[in-house]
Amino acid sequence: MTLLQKIKTKLFRQSTYLYREIGHQLGFYKSFYNAARGSRIIVYHGICRQDHTRFNTIFLKLKTFEQHLKFYKKHFNVISLDDYYQQKFSNDRFNICITFDDGFANNHKYVLPLLEQYKLPATFFITAISATGYDILWNDFLSIASKYGPQKIVFKGEFYNKDHHSKYISTETGIGLAEKLRSDGFNEKAEMMEALYPLVPFKTNKHEEDYWLQMTKEQIKELASSSFATIGSHGYYHNDMALISIDDTSEELTLSKQYLENIIEKPVTSIAFPYGAYTPEVVAAAKDAGYKQLLATDFQYTQDHGDVTMRKRFTVNPFISVNNQMCAIVKHKYE
């Protein structure tokens with residue numbers, strides 16, 4: 001795509017969103033939502049009070065998230081993941097299922113009270129990273145360390161420079177450190193965290209905990225005790241299961257399930273694959289481990305469409321208005 005084409009595409013997108021926003025304000029979209037039918041599983045991650053794109057593009061402001069819930073309550077039929085799989089859908093409204101990935105402590109702090117206030121169910125996919133002695137996922141660590149860290153670093157004898165997105169890129173291969181680590185096991189990721197933290201001791205900034213802190217066992221247990229929350233697995237270490245060995249994946253699937261079940265004292269039968277990444281072998285391993293609900297982002301293989309255990313999800317966009325987000329959910333696409 002040429003620069004001119006990119007500019008035209010951006011302008012078209014902006015004008016479409018502006019036109020749609022005005023239409024919502026004037027009430028033109030009321031009939032659109034009244035007539036909407038179908039279903040969608042929505043993916044959220046972290047919730048914070050302000051500056052939601054400080055380190056990544058997966059967070060929403062608390063105020064915005066509450067506006068989402070109000071909109072869902074008014075226009076949609078919100079159901080649990082179990083009901084979604086059982087197709088207990090309304091014939092009179094568009095059906096949605098709310099899910100959260102990554103197990104941030106902010107889900108317990110901000111999301112749970114709002115779910116109980118608005119009486120809406122959600123499923124939380126959580127890792128077992130706290131069992132390893134860490135209170136942060138490796139990719140969140142690297143995002144924060146990359147933003148605050150020095151221009152140049154050396155990791156395992158390889159030199160990395162920051163690019164214009166504040167990501168560390170190898171001077172030898174041109175491959176990003178995050179991309180390289182994604183195909184490695186957790187030992188390499190833990191080594192990275194131990195090596196970089198002395199350069200960027202960001203944990204001393206307590207006001208930034210909402211952007212990275214993971215839930216404790218006690219918080220997971222309290223979350224699971226709510227009638228509006230269900231707990232699912234998001235892997236043990238937040239590894240990319242499509243890239244690590246199938247033996248390591250099988251072990252991770254089993255251990256994460258056991259870890260969560262020991263905490264909440266309930267069966268854990270759902271898993272959301274980290275990064276939405278999987279292979280047919282990973283799907284088979286998940287089923288062998290006892291998972292009956294397998295959540296991806298987009299299907300990667302033809303057979304996925306006929307697999308009753310598999311479901312796709314739709315990720316929220318932190319850069320658009322509430323009204324445009326709701327329209328995108330129904331349409332299942334962004335402009």
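Predicted model: local features only at pLDDT ≥ 70, side-chain atom pairs only at ≥ 80, totals over all residues.
Residues are numbered from 1 along each chain as its sequence is written, and side-chain values use heavy atoms, without hydrogens and water.

Now the strands around β6. Strand β5 (residues 94–101) runs parallel to β6, joined by 4 bridges. Two strands pair if DSSP finds at least two bridges between them. Helices (H or I, at least four residues) and strands (E, at least two) are DSSP runs, numbered from the N terminus. On to β10, residues 229–233: 5 bridges join β6 to this strand, again parallel. There, glycine 232 is the bridge partner of phenylalanine 125.

How enclosed is β6? 5 of the 5 residues of strand β6 (residues 122–126) are buried, so it is largely enclosed by the rest of the structure. Buried means under 20% relative accessible area (1.4 Å probe, protein chains only). Ala122, Phe124 and Ile126 point one way; Thr123 and Phe125 point the other way.

Next, rings. The structure holds 27 aromatic pairs (Phe, Tyr or Trp rings, the six-membered one for Trp, with centres within 6.5 Å; edge-to-face means planes over 60 degrees apart). Tyrosine 44 and phenylalanine 65 pair edge-to-face, 5.1 Å centre to centre, with 80° between the planes. Tyrosine 44 lies in strand β1 and phenylalanine 65 in helix α3, so the pair ties together parts 21 residues apart in sequence. Both tyrosine 44 and phenylalanine 65 are buried.

Terms used
Phe/Tyr/Trp six-rings, centres within 6.5 Å; stacked < 30°, edge-to-face > 60°. Buried < 20%, exposed > 50% of the residue type's maximum accessible area, 1.4 Å probe, protein only.
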